Amino acid sequence: MQTRRPAGGLESEVLAALWAADRPLTPGEVSDAVGGELAYTTVQTILTRLHRKGAVVREQAGRAHAYRPVIDDAGLAAQRMRAMLDRGGDHAAVLTRFVGTLTPDDEATLAKLLGAPAPAPPGDRPADEVDS
Amino acid sequence: MHASVYLPLFIAGLFGLTAPRLALRLPPAAATWLLSVGGLIAAAGAAASLTLLGFTLVAQAQPLAESGHWSITALRHEDPVLAPVAAASIVAVLVLAVRFITVGVRRACALLAAHRLASGLPPVGQELAVLDDPAPRAFAVPGRPGRIAMSTGLLRMLRRDQRRAVLAHERSHLSHRHHLHQTAAVLAAAANPLLYRLPAAVALSVERWADEDAAVTCDRRSVVEALTGIATDTGAPRRSGVILAAGANDVQRRVRALQAPVARLSIWRVALLVGLLVVAVVAVREAAQDTERLFELAQAAYRSAHR
């Protein structure tokens, strides 16, 4: 589906796509991962910009370049975020968070809302994650 | 002093009770503004009432009466506020002021820390900061500019349209400064316990607001799926493992809101809430004028006694 994107939003999507992949991606693969409607040259431009800013690393992959995100950045970011969350109280509260848990009952209700029978029984679903 | 001085207290209670319900039936942006700014106005009105009530007793203190040149006897005689009521008001004003200041300082510190975090999260200069964390997490970090933080665990779990939905959702939180609305609600509730439901109501409203924004940018189904962690793309729903919301009740409300036709701005609901607040403001004005007249009388009595 064709969508509107804010300025700078494309860089986020490209970065997110690189992280979602488990190996370095060529511009063509990034284009597929972000959404086919993006022109190859647009993706190329964004990747070059991200590379210049030091947000991604470039590797030679055959005749093309392949890009992967900088692991150290994510480690450091996770550490800083954890430090903020560990302060608890308002410090944790001002970071709007989006991950929580549902009980199987809630899940069944939601499935009903979505207009279909209940999803997989509680046994074989992935463990729920709550922010500590 | 007339009954108008008690009206803002009554209105704060009524607003605290009805506004969260009415807001659910309004478009989320309007609901958020009404709850946050309205809450502050309601809290300020109630605080003004308590202050006016309490002041009638404080003003009977000898040193204050001396410096203000009013007659304590006249005040006591003319003032219809019972001493216990005035005394209770003084206590309430003091306790609530301390609460308000404490909560305000704590929030300000937290927001400052968030700003520092936002400017320090690598890669600097990028909107998205990825956290090396297998657990699915996503945050909006307010700052100048604000940052979106998503864990590697979450990114690997989502499809591309869901990734886009989450990015759009969090971007909405940042661009509309939802943290300030939250702060307003928390402060209003601190200043007046009758408004204790506002923070949760604003939290839900801003989530709905961000959901709607995400649904404009992406398709509605992706938002619902990213929200519930229940994928419906194959017909039968199946869990995809991520729930992008803090509470199950809220998720249900938000999914319902996403599925329902877009809420229209109902003039009468807005008018009802705005009307309540206007009455509160007018009542405070009335009460202030009453108080002024009372003190003019007491000052006249003082002058004639000291002639």
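How are α1(B) and α12(B) oriented to each other, roughly parallel or roughly antiparallel? Let's start there. Helix α1 of chain B covers residues 7–24, helix α12 of chain B covers residues 267–305, and their axes come within 10 Å and cross at roughly 165°. So α1(B) and α12(B) are roughly antiparallel to each other. For that word, angles under 35 degrees count as roughly parallel, over 145 as roughly antiparallel, 65 to 115 as roughly perpendicular, and the rest as oblique. The axes are lines fitted to C-alpha atoms, for helices over the stretch in contact, and angles run from 0 to 180 degrees between N-to-C directions.

Who makes that contact? On the α1(B) side, the residues include B:Leu7, B:Ile11 and B:Phe15, and on the α12(B) side they include B:Arg269, B:Leu272 and B:Leu276. Contact here means heavy atoms within 4.5 Å. The residues involved divide into 15 nonpolar, one polar and one charged. Nonpolar takes in Ala, Val, Leu, Ile, Met, Phe, Trp, Tyr, Cys and Pro, charged takes in Asp, Glu, Lys and Arg, and the others, Gly among them, are polar.

A quick word on ground rules. This is a predicted model, where local features need pLDDT of at least 70 and side-chain atom pairs count only at pLDDT 80 or more, while totals for chains, interfaces and linings use all residues. Residues are numbered from 1 along each chain as its sequence is written, chains are lettered from A and ligands numbered from 1 in the order in which they are written, and side-chain values use heavy atoms, with hydrogens and water left out.

Now over to chain A. Its secondary structure comes to six helices and three strands, in the order α-α-α-β-β-α-α-β-α along the sequence. Helices (H or I, at least four residues) and strands (E, at least two) are DSSP runs, numbered from the N terminus. Of the 132 residues in chain A, 44% are buried. Buried means under 20% relative accessible area, exposed over 50%, and partly exposed in between, with a 1.4 Å probe and protein chains only.

Chain A has a helix pair to look at too. The axes of α1(A), residues 9–20, and α3(A), residues 40–52, come within 10 Å and cross at roughly 80°. That makes α1(A) roughly perpendicular to α3(A). Their contact residues divide into seven nonpolar, one polar and two charged.

Next, find A:Met84 in helix α4 of chain A, residues 71–86. A:Met84 counts as buried, at 4% relative accessibility. Leaving out residues up to four places away in sequence, A:Met84 touches residues of both chains, including A:His91, A:Leu95, B:Ala110 and B:Leu117.

Back in chain B, helix α10, residues 220–228, has seven of its nine residues buried, so the rest of the structure largely encloses α10(B). Helix α9(B) is mostly covered as well, with 15 of its 20 residues buried.

Most residues other than glycine have a negative phi, and most peptide bonds are trans. B:Pro122 and B:Pro123, though, are joined by a cis peptide bond, with omega about -5°. Another cis peptide bond joins B:Arg144 and B:Pro145. Then there's B:His69, with a positive phi near 55°; B:His69 lies in the loop between α3 (62–68) and α4 (72–78) of chain B and is partly exposed at 45%. B:Arg177 also has a positive phi, near 50°.
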